[in-house]
Every structure is written in C-alpha cells, then in structure tokens.
Amino acid sequence: MLSTLTPQPADALLALIKLYAADPRADKIDLGVGVYRTGQGATPVFGAIKAAEQKLVDTQESKSYLGPEGDMGFVHALMPYVFGTENPTMDGRIEGMQTPGGTGGVRLAVALAKRAGSPKIWMGTPSWPNHAQIFADIGLELKTFTHSTKDGVVDMDALRAAIAAADEGDAILLHGCCHNPSGIDYSEAQWDEIAGLVAAAKLLPVLDLAYQGLGQGMEADAYGLRRVLAAVPEALVAYSCDKNFGMYRDRVGAVYAMVADPTQLNAVLSHSYALARAAWSMPPDHGAAAVRLILEDPALVKLWLDELDTMRTRMRQVRARLAEAGMAGSVNMVPLGSQNGLFSMLPLSGEQILKLREDHAIYMAGSGRINVAGLTMGNIDKFIAAVAAVSA
Ligand SMILES: Cc1ncc(COP(=O)(O)O)c(C=O)c1O
C-alpha cells in the first residue's frame, strides 16, 4: 500500500530554512521563517515564561491526564484579553477549550463549522497557506476574494462582493490583526462595516487571532474581533499564544465558541471535545500551564506585557525605517510603515527574489513575504539597497 504514495511537494519555507542554514556568507539575512527576532537576531524565551516555568517545576504535583479541553484555568484567564474585561463571557454565551497552538484552534473551529452545516468558507487571499490546507483536509469548500491590492490597501470592494455572494450559513475566515502574509489590517471603520455586513448576511465568522499585541497593542488588536462578536449571534475564535508569549514549539492555543443562547453551549462543546479526542486526544499541557501562571500573577503579567511592548516597538521602528526609505528601486516601501505585525509583502518577481538570495544572501518566501523582525538597524540599509538593486 505504501508504495502507491507519490512524493508531495516539500514545504517551501522549511526548504528555505535549510538553504539559509547552509549559506556560509556572514552577512546573510533571514526574512523567511515567521518568528520574532531581537535586534541581535535572537528568538529568546520571554523572561515571564522562564519565571512561570520555574514556578511550574517547583509546584506541579502531577502530570496525570487532563481532559480534551486541556487547562481550563488557561482558557478562562485569557478571555478578558480576547473579549474585553467588561463582560468576557458575553453573559455565558462564550466558552472555550485549549488546543495545540493556533493551528489546532483553526482546525477545530472549521471542523465545528462544517459539523454545524456550513457548506463553504470564504477567505481573503493571499492568506496563511495552512488555512487552505486545513479547509481541504476537513472537506470545507473554499471561496476566495482579494484581501489587498499591490499598493498595500485593503480591497473592501472585493470583500463586500464576497459577502454579497455568500449564502446564509457560510463561514468566513477573518484575520483578527497582523494579517499574514500582507500585514494589511482593516481600519476600525472598516471593521465596523464588516461586522454589520457579516451579521446582515447571516454568515458564521471564524476569527483567527494569532498575533494579538504584535500590531498596535493588546486592546487595539482585538478591536475587530470584539466588533464582529458584538454584531452577530454566533462566532468561532481561534487563538494562538505562540507569538505573543514566544511559545512557538510548545504549541499553545485555544478555540472559543460564541452561541446565541447559553443553553446551546453544552452541545457545541461536546462536539469540540469529540473532534479533539479523535484528532489529538488532549493538548500538550506545559506551555498553556506556563501562560496560565503568568496570567494569574500581576507581576508576571506586567513583565510579559513589557516584553511584548519591546517587541512591538522594535518592529514599528523597523517599519518606520523602511517607510523612510521611500522607493527602493521600483518597490514602494512607504506602505510597510503603517502595516502591522511580523509580515509584509514586497511586489517582487520570482527572479528578483532569487537574485536577492544568490547575489545578496537575503532569504525570503517565494510569495514576496518578508518577516520584518529579521531586519535590524545593522542590516536594514543593506536590505534596502539590495531591493533597489534587484528591482531597478
Ligand atoms: C494567521 C495564522 N493563524 C494561525 C497560526 C497558527 O499558529 P500556531 O499554530 O503556531 O500557534 C499562524 C501561524 O503562523 C498564523 O499565521
């Protein structure tokens, strides 16, 4: 049987990581892999996480099984950050469970949408490549529209047309903030409009919040999600702590369901548990327990938020420096200044991206996506000059 399997294309980004590692040039720049880097190019463990992990080592008495819902202390402690402090459960209409990373959250959310009867899901493209892969795996038909134009502007007309064409009960995936890969987020006024349109069209929103705090701040980055939730009766939320707590490999995430009436929550959760049980049984405990220990301790919360502020400030400085450069050859860097999060897209051809790699040791995804956190005050001028040279 196994001999019938034919090789699948390698993951392009993983292949890029290998090429980068093998490059002997000392001034090489990695803008490929999607992790935060300091001005020295490191991806360190947060101080708040180190402290919480120490506490965990000192106090954890058992590693006996939890249930498929994982660490509910973690799930609940996160809710005021996601849904706001005033009424984080929306009067008992929201409940969640822990998942293996935001990927597990997205997977469970769309599997629930499918079980609930959504025949298809709408999504702006380009998007995180795993979105389409997950939908295909779950058997949910994908309908796409253009997320943003090459000039770095949201294509609201495409979104309006998509919502108008959607059928009642369809799902729609929206990036909460720090759009991957474009960095182009909706403005508050655009979110206000989207919330109304999604509600009027009776769509099921699936909100993917994987970078809260990396864009404009913890509160500002939740604006769109909260606006949509206030407008619709039902929604699903996938959340990742892997970027804003730097937990990447520890796989820390959650999925939340908001229902129209609290009495419906039990049935929804029972489906979520059954889906999780069949997929991964229960989520890994360690990372979520460490995040919970931070969220339960005001001193650690302050340390964590300070560390997150430092990351965001650094990325904003890199973006400001890129925008200051104006035109780099034929590439307009100005829009990058107002975009959010780790990623932006450069309008470069495959040939130009290859030239950046071969002639300048600059590694970026074939789509033109760059991770701005790969740039430092030490290498940014070289980067701008190289983009100018290949796109002149
Ligand atoms: C838009 C988006 N959603 C979800 C995820 C999932 O994150 P993780 O599974 O690493 O927590 C990512 C990660 O890159 C992402 O970019």
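A residue counts as buried if 20 or more other C-beta atoms lie within 10 Å of its own, as exposed if 12 or fewer do, and as partly exposed in between, with the C-beta atoms placed from the backbone. The model used in these exercises is predicted, so that local features need pLDDT of at least 70 and side-chain atom pairs count only at pLDDT 80 or more, whereas totals for chains, interfaces and linings use all residues. Residues are numbered from 1 along each chain as its sequence is written.

**Exercise 1.** Decide whether Met90 and Cys178 count as buried, partly exposed or exposed, and describe the backbone at each.

Solution. Begin with the place of Met90, which is in the loop between helix H3 (72–83) and strand S2 (94–100); helices (H or I, at least four residues) and strands (E, at least two) are DSSP runs, numbered from the N terminus. Next, count the neighbours: Met90 has 18 C-beta neighbours inside 10 Å and therefore counts as partly exposed. Cys178, in the loop between S5 and H7, has 26 such neighbours and therefore counts as buried. Finally, look at phi, which is near 50° in Met90 and near 50° in Cys178. Most residues other than glycine have a negative phi, and most peptide bonds are trans.

**Exercise 2.** Work out which residues Gly215 is in contact with, leaving aside its neighbours within four places in sequence.

Solution. Two residues are in contact if their C-beta atoms, placed from the backbone, lie within 7 Å. By this rule Gly215 is in contact with Cys177, Cys178, Asp185, Asp221, Asn340 and Gly341. Take Cys177 as one example: Gly215 and Cys177 are 38 residues apart in sequence, yet 6.8 Å apart in space, C-alpha to C-alpha. Gly215 itself is found in the loop between strand S6 (204–209) and helix H8 (223–231), and because it has 22 C-beta neighbours inside 10 Å, Gly215 counts as buried.

**Exercise 3.** Describe how helix H2 and helix H11 pack.

Solution. Helix H2 (residues 47–59) and helix H11 (residues 298–324) pack at an angle of about 150°, with their axes 8 Å apart; axes are lines fitted to C-alpha atoms, for helices over the stretch in contact, and angles run from 0 to 180 degrees between N-to-C directions. Angles over 145 degrees count as roughly antiparallel, under 35 as roughly parallel, 65 to 115 as roughly perpendicular and the rest as oblique, and H2 and H11 are therefore roughly antiparallel to each other. In this contact Gly47, Ala48, Ala51 and Ala52 in H2 meet Leu300, Leu303, Trp304 and Glu307 in H11.

**Exercise 4.** State how many helices and strands the protein has, and what share of its residues is buried.

Solution. The secondary structure comes to 13 helices and 13 strands, and buried residues make up 45% of the 392 residues.
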